[in-house]
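Trainee: I'd like to learn how to read a model like this one. Could you walk me through it?

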Amino acid sequence: MADTSRTVLMMGNPNVGKSALFNRLTGGDAVVSNYPGTTVDYTKGVLIENGQEYEVIDAPGTYSLEARDAAEDVAVRLISENPGATVLVVLDATRVERGLYLALEVIERGCPVIIALNMIDAARERQITVDTRVLQRILGVPVVPTSAVSGEGARDLAGMLRKAQKVDIETVRARADGQFDTPEQSGGCTGCGGC
Amino acid sequence: MKRLSELEYGESGVVREIRASQHELNCLGIRMKKQVKMITRQPIKGPVVVVVDDMEVAMGLDTAEGVVIETGEHEGS
């Protein structure tokens, strides 16, 4: 199997803007629509960030890693076929909780993970604020707010790809229960390893 | 307490027990203590459509029958 360490696999619930974000990152032309289930197969593209070439794969939306239909099956297969890949989990900032189920499943699988909090503009419009710092601290992976529509955060996200983290799910559980093994450091460090 | 499939149109309640596939419902956002509101319930095998966290979730009638809901105003009546 080819080296997949420079592969970025985009996963997320249906209709969170994976394909729109994929197009932003790669300049690709994946079909984008405003209803779920648009992507039923995957699209590949290339992103060059800081001299580093990444192969980006836009997977169909899935609610979990236990496939329930053919499109979900493609997404689940992609994650098994690219074991070393960085998984970019795309969450809808207006419905963060819903996407966390899949995010936690991906973390549990032991993949290096980075989270894009997409549709942050829509969240702002609806006066939904997400404390990315706390989310980052609990999950232990970088969380980057993005808006694929306006392009906001896309550059930050590309720059943060190399900082994706593998996290032990039990430590996430402990932190979610308020047990932090290291005291919170000053200077804005969230312990995500992003530095 | 009543089954999710027994909610009236527009009626809301809180999830108290899930006897159907936990995994399938959990990943769709239906979990214990979640508020759900009935949108539509089609006869025979469904679908049953409810709103959870401002999102519509559709499921088969048999799945909806496995979810126990506590409805506030009808409690004890």
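Trainee: What is the mean pLDDT of chain B?

Mentor: Good place to begin, as this is a predicted model. Where pLDDT is low, the predicted coordinates should not be read in detail. Here chain B has a mean pLDDT of 86, with 94% of its residues at 70 or more. For the complex, the predictor gives an ipTM of 0.72 and a pTM of 0.84.

Trainee: How many helices and strands are there in chain A?

Mentor: Chain A has 7 helices and 6 strands, and from the N terminus they run β-α-β-β-α-β-α-β-α-α-β-α-α. Of the 195 residues in chain A, 51% are buried.

Trainee: Which elements do the buried residues of helix 2 of chain A pack against?

Mentor: Those buried residues, among them A:Val74, A:Leu78 and A:Ile79, pack against strands 1, 3 and 4 and helix 3 of chain A.

Trainee: And what lines the second largest pocket?

Mentor: Rolling a probe the size of a water molecule over the atoms shows where empty space is left. The second largest pocket has a volume of about 360 Å³. Its lining includes A:Leu100, A:Glu108, A:Ile138 and A:Arg173. Helices 3, 5 and 7 of chain A each give two or more residues to that lining, which has 8 nonpolar, 4 charged and no polar residues.

Definitions and conventions. Residues numbered from 1 in each chain as written. Chains lettered and ligands numbered in written order. Predicted model: local features only at pLDDT ≥ 70, side-chain atom pairs only at ≥ 80, totals over all residues. Heavy atoms only, no water. pLDDT = per-residue confidence, 0-100. 1 Å grid on protein atoms, 1.4 Å probe; cavity = no way out; pocket = protein on both sides within 12 Å on 5 of 7 lines; lining within 4 Å. Points joined across faces, edges and corners; volume = space filled by probe spheres on them. Helix = DSSP H or I, 4+ residues; strand = E, 2+ residues; numbered from the N terminus. Nonpolar A, V, L, I, M, F, W, Y, C, P; charged D, E, K, R; others polar. Buried < 20%, exposed > 50% of the residue type's maximum accessible area, 1.4 Å probe, protein only. Contact = heavy atoms within 4.5 Å.
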